[in-house]
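Colleague: Thanks for sitting down with me over this one. Could you walk me through the fold and its helix packing?

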Amino acid sequence: MSTTTVPRVTTSRAPHADDDNGWPQLVEAVRESGLYPTPSKAEQVTRTVLAALGTHVTGDERVDLARALPGEAARLIAAQIPATHLLTAARFVDEVASRTPGATSATARWDVSSVLGALPPLIGDDLVTRILAQLPPGYALLFGRADLTPAP
């Protein structure tokens, strides 16, 4: 999907989807939640995690996620080729660690939770629920929600 064909609609949940004015606020929310020392570190983490997420969210949820996010974040999601198989939450964190120089599984989990936990206020609980429904169990905790699905 070309980044120039990303549908962009301003909604009450996404006041900045038509421009990048919301990008600094998203990065700042990630910086605050992850206690990152600089905005540039928070931006790097945000880019890495959103790019990884973009490979796992598909269909209407992917389109709606791109619409709900600021323009730069929407482009990161839309530019990714969907994965042929979904990773478990733990493997997703490991994938983020592999994309982040010097990261461990523990620091990558922190990064993923800092970014994904900042998304619900931007995209709304209904979309988070729909995204979680298409992902394997375990992702809810990464979005800052209790994982109430029974263990197999």
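Colleague: How many helices and how many strands does the chain have?

Modeller: Keep in mind that this is a predicted model. Reading from the N terminus, the elements run α-α-α-α-α-α-α-α-α. The secondary structure therefore comes to nine helices and zero strands.

Colleague: Happy with that. What share of the residues counts as buried?

Modeller: The cut-off here is a relative accessible area under 20%. The chain has 152 residues, and the share of them that counts as buried is 43%.

Colleague: Which share of the contacts joins residues at least 24 apart?

Modeller: The count takes in contacts in the chain between residues at least 6 apart in sequence. Among these, the share joining residues at least 24 apart is 68%.

Colleague: On to the packing. Is α2 parallel, perpendicular or oblique to α4?

Modeller: Helix α2 covers residues 39–54 and helix α4 covers residues 71–78, and their axes lie 7 Å apart. They pack at an angle of about 45 degrees. Roughly parallel needs an angle under 35 degrees, and roughly perpendicular takes 65 to 115. So α2 is, relative to α4, oblique.

Colleague: Is that crossing left-handed or right-handed, and how many residues of the contact are nonpolar?

Modeller: The crossing of α2 and α4 is right-handed. From α2 come R47, L50, A51, L53 and G54, and they meet E72, A73, L76 and I77 of α4. Besides one polar and two charged residues, the number of nonpolar residues in this contact is six.

Colleague: Staying in α2, is T46 buried or exposed?

Modeller: T46 lies in helix α2. Leaving aside residues up to four places away in sequence, T46 touches W23, L26, V27, V30 and V115. Its relative accessible area is 0%, so T46 is buried.

Colleague: Now α3 and α8: how many charged residues does their contact have?

Modeller: The axes of α3 (residues 59–68) and α8 (residues 125–134) come within 10 Å and cross at roughly 145 degrees, in a left-handed crossing. On the α3 side are D60, E61, D64, L65 and A68, which meet L127, R130, I131 and Q134 in α8. By class, there are four nonpolar residues and one polar, and the number of charged residues is four.

Conventions. Residues are numbered from 1 along each chain as its sequence is written. This is a predicted model: local features need pLDDT of at least 70, side-chain atom pairs count only at pLDDT 80 or more; totals for chains, interfaces and linings use all residues. Side-chain values use heavy atoms; hydrogens and water are left out. Helices (H or I, at least four residues) and strands (E, at least two) are DSSP runs, numbered from the N terminus. Buried means under 20% relative accessible area, exposed over 50%, partly exposed in between (1.4 Å probe, protein chains only). Contact means heavy atoms within 4.5 Å. Axes are lines fitted to C-alpha atoms, for helices over the stretch in contact, and angles run from 0 to 180 degrees between N-to-C directions. Angles under 35 degrees count as roughly parallel, over 145 as roughly antiparallel, 65 to 115 as roughly perpendicular and the rest as oblique. A crossing is left-handed if the near helix is turned anticlockwise from the far one by less than a right angle, and right-handed if clockwise. Ala, Val, Leu, Ile, Met, Phe, Trp, Tyr, Cys and Pro count as nonpolar, Asp, Glu, Lys and Arg as charged, and the others, Gly among them, as polar.
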